[in-house]
Amino acid sequence: MHGSAEDPLIARIAAELRQPPAAHPDFDARVMAAVRRVPPSLPARAWTWLREPRILAVSPLGGLAAAAGVAALIVAGAWAAARPGRAGGRASIAGAPAAARVTPTPVTFVFMAPGARSVAVAGDFDGWDRARMPMRRDPSGLWTLDVPLSPGRYQYVFVVDGRRFVADPAAPRAVGDDFGQPTSVVTVAGGASRAAGGSL
Amino acid sequence: MNARILGLAAVLGALVRPPAAAAQVERLAGRLDERTRAAVTAIVDSVRAAGVPGDPLVNKALEGASKGADGARIVAAVRALAAGLARARAALGTGASEPELVAGAAALRAGAAPSFLERLRGDFPREPLVVPLAVMADLVGRGVPPDTAAVSVLALVRAGVREADLVAFRQSVERDIALGAPAGAAATARAASVGDLATTGVPSTAGQTAPAPHPRKP
């Protein structure tokens, strides 16, 4: 077959074969019509329905009402999350007895330490801050401080001279000490003031 | 690796945390090292989903920080308290208030049986139980056996004594112990005395009349 590429007969046959087959003029239309007659599956129809763009006609008044509704939902959600009485909230869990949400009761902390330069109360009610609640000294060396507390059970200590933790000798001790230093406990009942205090 | 996981958990928790919860953990800022803070935050976020309040856990972490405890000890204490609060919630019910859960966890830690909490709640489903639970825990702290403390407090509450009288009862027991009385005997004797006074309506140990606000239970 040497030199067959130059054979005119073969070249003519190849040229004929390269021509697309002649089809009926309405072949494409008939094929597409047949395809359209096959019903699409339900998921395919749903997907097509979801993807089709639509135009919503909303009046200005309707739009304002919808926006107000969304804003009201957001505000209500934020209020519900932040209000006391919700689980994980600040004060109590929903459904708590009303007495657990009464107003704070003044509790007087008293500590006798004539030789101390400063005494403060640190506890559950002030974030265990050593300096946030300093006590006042009278000439005899009696240190006092009134702290408003809601009903509950609080742990606390006296902080002497800013560094030494001293449990209240006049108050119950917390059962089990987590950090190697004794801690006192004050329980506030609903509506009754109480004095807590001891001496050093 | 653990630090990365804790950090990631803290970031994810921050993204989904409600405002009140965010305020709780913000109190830890500047008080704990980053690793301890992330661990405590992860505990707070995880138990909140179960209805356990976060504030007592944050307070416990701050107590540890103020007392100079190391991070591992702080995390262990927070985890133990979280477990105690969850047990208290299981015993007191989902409607228990945060102060009740704190007092309940203290009572359980003192040695009270969960059934003690359940019985209190069962008898007084709508009354605040902070003081009875706290008095029980405080008595144990003074040396009263847990069972004796639980029985005494339960008897007094059922007899209708007021919160102030419960506190006065505890103070009386403390005085008796300080004077040398055996702790259990002091609690039993004082409970009998206060209970009798409460049911007869004569002046109580707190110097106030103690009419029974609740019907006496059989």
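**Notes on the two chains**

1. Chain B contains eleven helices and zero strands. Please keep in mind throughout that this is a predicted model. Read from the N terminus, the elements of chain B go α-α-α-α-α-α-α-α-α-α-α. Of its 218 residues, 51% are buried. If you take the contacts in chain B with a separation of 6 or more, residues 24 or more positions apart account for 68% of them.

2. Chain A has another make-up, with four helices and eight strands. Along the sequence, the pattern of chain A is α-α-α-α-β-β-β-β-β-β-β-β. Here buried residues make up 25% of the 200 residues. Among the contacts in chain A between residues at least 6 apart in sequence, 60% join residues at least 24 apart.

3. Next, have a look at how H4 and H5 of chain B sit together. Helix H4 covers residues 55-66 and helix H5 covers residues 71-92; the two pack at an angle of about 155°, with their axes 9 Å apart. An angle over 145 degrees counts as roughly antiparallel, and H4(B) and H5(B) are therefore roughly antiparallel to each other. The crossing of H4(B) past H5(B) is right-handed.

4. Which residues in H4(B) and H5(B) meet? From H4(B) come Pro56(B), Leu57(B), Lys60(B), Ala61(B), Gly64(B) and Ala65(B). Their partners in H5(B) are Arg73(B), Ile74(B), Ala77(B), Val78(B), Leu81(B), Ala82(B) and Leu85(B). By type, the residues of this contact between H4(B) and H5(B) divide into ten nonpolar, one polar and two charged.

5. In the contact, Phe116(B), Arg119(B), Leu120(B) and Asp123(B) of H7(B) meet Ala150(B), Leu154(B), Val157(B) and Arg158(B) of H9(B). The residues of this contact between H7(B) and H9(B) comprise five nonpolar, no polar and three charged.

6. Staying with H9(B), its 14 residues reach 20 Å from the first C-alpha to the last, close to the 20 Å expected at 1.5 Å a residue. Buried residues in H9(B) include Ala149(B), Ala150(B), Ser152(B) and Val153(B). Leu156(B), Val157(B), Arg158(B) and Ala159(B) in H9(B) are buried too. Just after H9(B), Gly160(B) takes a positive phi of about 95°.

7. Arg121(B) is worth a click; this residue lies in helix H7 of chain B. Arg121(B) counts as partly exposed because 19 C-beta neighbours lie inside 10 Å, and a buried residue needs 20 or more. Leaving aside residues up to four places away in sequence, Arg121(B) touches Leu92(B), Gly93(B) and Leu129(B). Its C-alpha atom is separated by 9.0 Å from that of Ala96(B), a residue 25 places away along the chain.

8. Trp128(A) has a phi near 55°, a positive value in a residue other than glycine. Trp128(A) is found in the loop between strand E2 (119-123) and strand E3 (136-137) of chain A. Is Trp128(A) buried or exposed? Trp128(A) is buried, with 25 other C-beta atoms within 10 Å.

9. The other torsion belongs to Asp161(A), where phi is positive at about 55° although the residue is not a glycine. Asp161(A) is placed in the loop between strand E5 (152-160) and strand E6 (164-166) of chain A. With 12 C-beta neighbours inside 10 Å, Asp161(A) counts as exposed.

Key
Residues numbered from 1 in each chain as written. Chains lettered and ligands numbered in written order. Predicted model: local features only at pLDDT ≥ 70, side-chain atom pairs only at ≥ 80, totals over all residues. Contact = placed C-beta atoms within 7 Å. Nonpolar A, V, L, I, M, F, W, Y, C, P; charged D, E, K, R; others polar. Axes fitted to C-alpha atoms, helices over the stretch in contact; angles between N-to-C directions. Parallel < 35°, antiparallel > 145°, perpendicular 65-115°, else oblique. Left-handed = near helix turned anticlockwise from the far one by under 90°. Expected span 1.5 Å × (residues − 1).
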